[in-house]
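User: Can you walk me through this one? I'd like to start with the helices and then go to the ligand.

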Amino acid sequence: MDFNIYMPARIISGENCVIKNSAELRKLGGKCLIVTSKTSAKKSGALDDVVSALNNENIEYTVFDEITENPLVSTVIKAGEKAREFGADFIIGIGGGSPLDASKAVAICAENPDYDIKGLYSRPVPSKALPVILVGTTSGTGSEVTGVSVLTNDEDGMKKSISGADCYSAVSFLDPKYTCSMNYDVTVSTALDAFAHAVEGWFSPLCSDLPTQYAKMALPLIYNGLKYLEETKQLPDEKLRADLYYGSIYAGLELNVCGAAFPHTVGYVLTENFGIPHGKACTAFMPYLLKKAKQYKNARYCELLEILGDSEDNIIGIINRLTDVKNLTMTEEQIKEWCSRWVNGNKNFDKTPGGFTMAEAEKVLRMLSAE
Ligand code: NAP
Ligand code: FE
């Protein structure tokens with residue numbers, strides 16, 4: 001076995017694990033800031049459970065619920081101020097990847113009042129940070145188990161992540177029941193994101209023995225869920241919800257070691273300029289990734305088809321129909337401008353089978369543009 005892995009978060013999984021393990025919260029202090037978005041914490045039932053757990057332990061709390069999709073750095077800085085004013089000892093993030101990622105950055109800003117947008121992006125790693133508890137409500141990002149926080153830079157509107165030892169949770173609670181309130185579209189897009197992590201990670205040069213095992217656990221769970229979603233257009237039952245959730249966590253563990261390939265990077269352009277949700281923005285480029293993988297990492301490619309138990313045509317067909325990103329209106333000038341940020345390459349480009357360049361980024365965007 002050959003691997004080198006850092007994943008310092010405690011992950012506690014199972015039905016009602018938040019309430020059953022409320023003592024874990026007390027270990028972090030007597031006051032906390034709950035960081036969340038508009039509706040998911042309430043709709044999913046996660047906020048009620050967290051509040052019960054906090055009450056059990058006599059922990060004081062206040063709620064910051066202003067996190068939006070693709071969270072802005074300015075919002076995170078504002079929440080950091082609120083944490084300081086309240087005297088929070090720790091942060092609890094509840095929701096999808098947006099509030100979970102935001103919570104990690106809030107914990108850093110709370111301990112570093114001098115950080116502005118530039119300061120946060122260029123901080124020394126690790127920076128001081130409050131401990132973070134995460135409670136996920138989507139089955140996509142795997143943010144519960146990664147040391148990454150994807151934020152939107154207010155200054156240029158571009159998505160750019162921060163990462164490192166200060167971006168892991170102290171404890172993540174995994175209870176798939178919180179994902180049952182997701183509607184069909186969010187279920188599809190988040191499952192596509194998890195699938196993108198599992199597939200992009202599979203072809204990464206960093207995909208050593210252990211992450212390969214994570215991928216082998218993740219891929220069938222997520223792909224079966226995607227097939228069901230595509231064939232029935234129905235919401236999954238509880239069992240399939242749990243499969244999709246754990247699939248996303250295993251894919252997150254894989255992503256944490258392997259990182260992503262070009263679709264995660266170029267996908268940001270689709271989210272920033274067309275509002276396409278993150279998962280679909282990544283899988284819009286999956287056919288091109290698979291084409292390159294077939295050419296440059298053929299043995300690994302054939303093994304992937306075997307694990308998924310399906311043909312290339314079926315897999316691409318299902319992903320394309322669920323993703324449904326095409327005929328986008330963009331000019332040649334826009335394509336050139338959007339891609340100019342990669343003039344010096346990108347670390348995810350290097351993880352793409354056969355490599356990937358700025359010119360190819362322009363090409364894959366052109367492939368999605370209206371005829
Ligand atoms: P999200 O942006 O957190 O949420 C998407 C939508 O789903 C929101 O409208 C949200 O509602 C709703 N929602 C979430 N959970 C729900 C539930 N249980 N019931 C009903 N509605 C629910 O989606 P996401 O796909 O999980 O996160 C995407 C973000 O994560 C992107 O910024 C992406 O770049 C990032 N990401 C991070 C990592 C990482 O390693 N950290 C990896 C991949 C992607 P409300 O907003 O009203 O609550
Ligand atoms: Fe992702």
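**Helix packing and the ligand shell**

Analyst: Helix 8 packs against helix 15 (residues 312–323) at an angle of about 135°, and their axes are 10 Å apart. Keep in mind that this is a predicted model.

User: What do we call helix 8 and helix 15 relative to each other?

Analyst: Oblique. The angle is about 135°, and angles over 145 would count as roughly antiparallel, so helix 8 and helix 15 are oblique to each other.

User: Left-handed or right-handed crossing?

Analyst: Left-handed, where helix 8 passes helix 15.

User: OK, ligand 1 now. How many residues surround it?

Analyst: 30 residues. The closest are S37, T39, G97, S98 and T138.

User: And by class, what is in the shell around ligand 1?

Analyst: Seven nonpolar, 17 polar and six charged residues.

User: Which helices and strands supply at least two residues each?

Analyst: Helix 3 (40–43), helix 6 (97–111), strand 6 (148–153) and helix 8 (184–202). Helix 8 is also the one that packs with helix 15.

User: Which side chains have polar atoms by the nitrogen atoms of ligand 1?

Analyst: T137 has a polar side-chain atom 2.8 Å from a nitrogen atom of ligand 1. For S181, an N or O atom in the side chain is 2.8 Å from a nitrogen atom of the ligand.

User: What about an oxygen atom of ligand 1?

Analyst: There, E69 places a polar side-chain atom 3.1 Å away.

User: How much of ligand 1 does the protein bury?

Analyst: The protein buries 89% of the 950 Å² that ligand 1 exposes when taken alone.

Definitions and conventions
Residues numbered from 1 in each chain as written. Chains lettered and ligands numbered in written order. Predicted model: local features only at pLDDT ≥ 70, side-chain atom pairs only at ≥ 80, totals over all residues. Heavy atoms only, no water. Near = heavy atom within 4 Å. Polar contact = N/O pair within 3.5 Å; in protein donor to acceptor, adjacent residues only side chain to side chain. Areas by Shrake-Rupley, 256 points an atom, 1.4 Å probe, with all protein chains shown as cover. Helix = DSSP H or I, 4+ residues; strand = E, 2+ residues; numbered from the N terminus. Nonpolar A, V, L, I, M, F, W, Y, C, P; charged D, E, K, R; others polar. Axes fitted to C-alpha atoms, helices over the stretch in contact; angles between N-to-C directions. Parallel < 35°, antiparallel > 145°, perpendicular 65-115°, else oblique. Left-handed = near helix turned anticlockwise from the far one by under 90°.
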